[in-house]
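I opened this entry to go through charge pairs, strand pairing and helix packing, in that order.

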Amino acid sequence: MGCVSDNRWESFPDMLSTVKETEDGDEATLQPVQFPFEKVFPVSIVNSGHDPIWDAVREEAKLEAEKEPILSSFLYASILAHDCLEQALAFVLANRLQNPALLATQLLDTFSHVLMHDRDIQRSIRLDVQAFMDRDPACLSYSSALLYLKGYHSLQSYRVAHALWKQGQKLLALALQSRISEVFGVDIHPAAKIGDGILLDHGTGVVIGETAVVGNRVSLMHGVTLGGTGKETGDRHPKVGDLALLGACVTVLGNINIGEGAMVAAGSLVLKHVPPHSMAVGTPAQVIGSIDEQDPSLTMNHADSAITCIIRKLSVRSIRKLVAWNIVRTLMVQMNTILALVSFVTGCYDELADATKEFFKHVAIGSRDGRSI
């Protein structure tokens with residue numbers, strides 16, 4: 001299969017809505033995955049059969065070459081010399097990952113073969129770059145994601161390693177995993193299953209274990225770990241549902257589920273299931289409530305969603321505590337009044353007792369002296 005073109009591809013939307021691997025990895029049980037590609041580009045352009053993302057990448061590269069002549073050779077070699085996004089991406093990744101043991105020419109052949117023949121990856125690389133454009137404000141253009149963003153590079157390198165793993169080339173896949181970890185600081189086991197439209201923001205420190213599953217259109221911030229809990233074997237890593245958002249330095253351990261559309265706040269340690277469309281916060285993480293946004297991974301609204309959940313949960317508690325405190329305060333006021341009254345009465349009693357005692361003392365003295373009182 002060659003590059004996306006009028007002659008070799010039926011249409012761009014058909015490519016984006018083709019089948020996707022299921023969790024069991026069985027190609028016979030593939031299921032169709034639909035994406036709102038009409039939101040990526042105008043429907044009139046998408047339905048024309050062109051590859052609008054590649055067209056945008058080339059146009060951006062031409063403009064940048066004119067603005068920055070010092071980069072013209074780099075832009076030509078990386079983008080303008082190629083016929084399609086697959087070839088350009090293979091060239092970029094091969095040059096990023098090369099070392100004396102894995103030559104750039106060898107890697108280029110490997111990446112090109114996988115990217116040019118794997119229809120799933122061809123769909124994924126486009127949906128992923130669109131995710132970076134939509135959700136990462138630091139992503140200036142499609143070409144900048146292709147050329148410079150290591151979160152995108154590490155994700156697409158993983159996709160090639162995953163394809164090699166499924167083909168039985170496990171040693172080569174593990175060699176790529178090791179090299180990806182060295183170069184990008186991202187460690188994703190090639191057997192892990194990751195959906196489309198993924199954002200690895202920054203990417204640094206992301207670790208995804210062998211049996212982990214990440215759904216479609218998920219956003220993972222830097223430092224996210226999807227790991228196991230010890231030396232157990234088998235299915236031992238987390239499952240992240242579609243449209244979930246995991247904040248910076250979130251750690252999820254064990255074969256637990258992060259529900260669809262769920263959000264985990266930065267720095268949380270998740271050891272239990274997180275229901276769909278809810279927010280988990282803390283170490284260990286606790287579910288603090290549901291979130292109004294159906295697609296938190298797309299809005300990337302970390303702070304407001306967290307505050308809303310906290311206010312919603314605390315409001316009920318606060319009302320209860322306020323009512324209880326008012327009752328207690330009223331009782332305390334009443335008790336203080338009673339104590340003051342008792343004190344007053346006690347003081348009066350003491351004064352009366354002293355006066356009575358003094359009176360009888362005078363009576364006794366007068367009686368002794370024979371005086372009348």
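The model is predicted, and I read each distance below as a computed value. R123 and D120 sit three residues apart in helix 7, so about one helical turn separates them. I then checked the accessibility of R123: at 1% relative accessibility, R123 counts as buried.

Next I took E86. E86 forms a salt bridge with R126, and here the closest N and O atoms are 2.7 Å apart. E86 belongs to helix 5 (residues 85–97) and R126 to helix 7 (residues 119–135), so the pair ties together parts that are 40 residues apart in sequence. Are the two partners buried or exposed? E86 is buried, at a relative accessible area of 1%, and R126 is buried as well, at 0%. I also noted that salt bridges with shared partners join D51, E86 and R126 into one network.

For another pair within one helix I looked at E59 and K62. Their closest N and O atoms are 3.7 Å apart, and the two form a salt bridge. Both lie in helix 3 (residues 52–67), three residues apart, about one turn of the helix. E59 is partly exposed at 45% relative accessible area, and K62 is partly exposed at 36%. The count of salt bridges comes to 10.

Five of them form an open sheet in the order 3-6-9-12-15, with parallel pairing. Strand 3 (187–188) and strand 15 (269–270) are the edge strands, each pairing on one side only. Within this sheet I looked up strand 6 (residues 207–208) and strand 9 (residues 225–227), which pair in the parallel sense over two bridges. I208 has L226 in strand 9 as its bridge partner.

Strand 16 (residues 278–281) runs parallel to strand 14 (residues 263–264), joined by two bridges, and V264 stands opposite A280. Strand 16 runs antiparallel to strand 17 (residues 286–290), with four bridges between them. Strands 16 and 17 form a hairpin with four residues between them, and G282 in the turn has a positive phi of about 110°.

Last, I checked helix 9 (residues 150–166) against helix 10 (residues 170–184): the angle is about 170° and the axes are 8 Å apart. The two helices are therefore roughly antiparallel. The contact includes Y158 and W165 of helix 9 and I180 and F184 of helix 10. Its residues divide into 11 nonpolar, three polar and two charged.

Key
Residues are numbered from 1 along each chain as its sequence is written. This is a predicted model: local features need pLDDT of at least 70, side-chain atom pairs count only at pLDDT 80 or more; totals for chains, interfaces and linings use all residues. Side-chain values use heavy atoms; hydrogens and water are left out. Axes are lines fitted to C-alpha atoms, for helices over the stretch in contact, and angles run from 0 to 180 degrees between N-to-C directions. Angles under 35 degrees count as roughly parallel, over 145 as roughly antiparallel, 65 to 115 as roughly perpendicular and the rest as oblique. Contact means heavy atoms within 4.5 Å. Ala, Val, Leu, Ile, Met, Phe, Trp, Tyr, Cys and Pro count as nonpolar, Asp, Glu, Lys and Arg as charged, and the others, Gly among them, as polar. Two strands pair if DSSP finds at least two bridges between them. A salt bridge is a side-chain nitrogen of Lys or Arg within 4 Å of a carboxyl oxygen of Asp or Glu. Buried means under 20% relative accessible area, exposed over 50%, partly exposed in between (1.4 Å probe, protein chains only).
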